[in-house]
Amino acid sequence: MEKERLIKIKIDNLLFGYSNNHKSLIFNDLSLQIYENEVVTILGRSGCGKTTLLNLIVGDLTPNAGIVEVNNQSKVSFSLMPQTSIFIPFRTSFENAALPIELINNFDTETLNKLKQLFIVFGLSGYENKFPSELSGGMKQRLGLIQNFATDTQLRIFDEPLNALDYTSVVNLTDTVWNKLKTKKETGIFVTHDIEFAVSVSDRLIILKGYDSGFSEINMSAEIAQTIPSKRKTIAGFKEISNKVVTELLN
Amino acid sequence: MNKIYKFIPLAVLLIFWEYSASQAEKVKFLFASPSSILKVFGENVINGNFISHFLVTAAEAFVGLLIGFIVGSLIGFSLLYFSKLANASRFYLIALSSIPVFAIAPMMIIWFGIAFKMKVAVVIFSTIFTSIFQAYEGGKRITKEDELIFKNNNATYKDKFWKLIFPYSLDWLFQSLKINSGLAILGAFIGEFIASESGLGHLVLKYSGLYDVPSVLATILCIILLSLMFNSFVSIIERNRVNIIRYLTVPKTVRQMNK
């Protein structure tokens, strides 16, 4: 029934700890897959290894044992948005957002016009000429998202992307980000503490349990997965899944 | 109004100085008087004597500073890419930089003669080490988080230097330029003290040999003016640094889209 899904990220029997001491292991024999075009959110208590897992995926850390593979390649093309994006103080918002485009040497007028569009889409138009020091925390997160979506990539990773924004902005931006990911057919990984956000945006939730216990996962029903985030709350199963997440986290 | 307050101590000092000089011959001989200094200063400026010597010292300091600062900063930046070399060279750099300029200056005569080249060499020696340290430390401050966007996009070394390391260490470079502009004038002055036929250092040496105190102090006034000139030059660049750096590191198409 379900059609064959391509594996984007394959983690097999992963063993990792920051020191060789067996007690300090963060992951012991962890195996999971993330599929092509899937939006996945990683949840878990503080210190359970969420950011460590991201760092392993992008290749900043190397596993003690086991396999972490993206696209079956060793060199990963990805885009990572950190909890707090850092911008170059000498560049205006627009120039900061254009930085990834400059780095891949693709700054023609068309690409830059698209970037201008992104300022409108992410609700930051009118601030193109402001310097980062003149932006609020929420505006910086919007700018971080614009910078992130300035270039095309196959894998986007977001670490707490919207935690500095107010409720309505989060709802609007979640829709925008979700739309972007789905129309561009990209794989997205989120890390967050916000359960409502997680259930709203993902196709699947991965709840890390910390050492040895591995993880548990919750799949969204097809109905929820195909609905735009802001509308999901009206669907019957939404509350149930949120409760399930809470139960899993408390376990 | 605030600006006037700044000059009150100076005015009080000058009045007191002038008054004491007019009362006692001894004071006048040892310390001259503001009016006599000003008179000598005016005469020497008009007959072009000070101007030619001023330009000699300014040229020595400026050329030496430019070379010392640029070469030093480039060495500092390149050490960022070779951490082993940076660790190994740290000890030698500290040892070399601790040599007093006065001690090395006589050697400069042996190596470079007594003309312009020698003074430039002394100035380079005075400025290069601070430039190396400042550029290296400035670049060192860049964290993994700052680099992230460059790593995400597999940026080239050139882009990483030009668009990240260079702009980020700018504050340190300006600090370096400010310290070094003082050191450069001092270096040129020391060079002239050791051996010279012209320059403000040469004049001070000559006039003090003649016990001509007003002329010595008038020459010192020239040196103060030279320092102020260098300082305001650095300040002008510093004030426009955001636009300069944008002009240098942001492609024109991007800057124009911004409008």
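**Note on the cavities and a pocket of the predicted model**

1. B:Leu79, B:Ala86, B:Ser89, B:Arg90, B:Leu93, B:Ile132, B:Phe133 and B:Tyr136 line the second largest cavity of this predicted model. On a 1 Å grid over the protein atoms alone, a cavity is a set of points where a 1.4 Å probe fits but cannot get out, and lining residues have an atom within 4 Å of a point. About 60 Å³ of space lies in this second largest cavity, a volume being the space filled by probe spheres set on grid points that are joined across faces, edges and corners.

2. Both α5 (83–97) and α7 (116–140) of chain B supply at least two residues of that lining, and α5(B) gives the most, with four residues; helices (H or I, at least four residues) and strands (E, at least two) are DSSP runs, numbered from the N terminus. By class, the lining of the second largest cavity has six nonpolar, one polar and one charged residues, where Ala, Val, Leu, Ile, Met, Phe, Trp, Tyr, Cys and Pro count as nonpolar, Asp, Glu, Lys and Arg as charged, and the others, Gly among them, as polar.

3. The whole structure holds five cavities of 30 Å³ or more, and the largest cavity contains about 130 Å³ of space. Of the 13 residues that line the largest cavity, the closest to its centre are A:Pro82, A:Ser85, A:Gln147, B:Leu148 and B:Ile149. At least two residues each come from β5 (79–81) and α5 (137–149) of chain A and from α8 (144–152) of chain B, with α8(B) providing the largest share, four residues. This lining divides into six nonpolar, five polar and two charged residues.

4. The second largest pocket has a volume of about 530 Å³, a pocket being an open set with protein on both sides within 12 Å along at least five of seven lines. Among its 23 lining residues, those closest to the centre are B:Phe69, B:Ile70, B:Phe166, B:Leu173 and B:Leu177. The largest share of the lining, eight residues, comes from α4(B), and the lining comprises 20 nonpolar, two polar and one charged residues.

5. As to confidence, chain B averages a pLDDT (the predictor's confidence in each residue, from 0 to 100) of 91, and 99% of its residues score at least 70, while the model scores ipTM 0.75 and pTM 0.80.

6. Residues are numbered from 1 along each chain as its sequence is written, and chains are lettered from A in the order in which they are written. In this predicted model local features need pLDDT of at least 70, side-chain atom pairs count only at pLDDT 80 or more, and totals for chains, interfaces and linings use all residues, while side-chain values use heavy atoms, with hydrogens and water left out.
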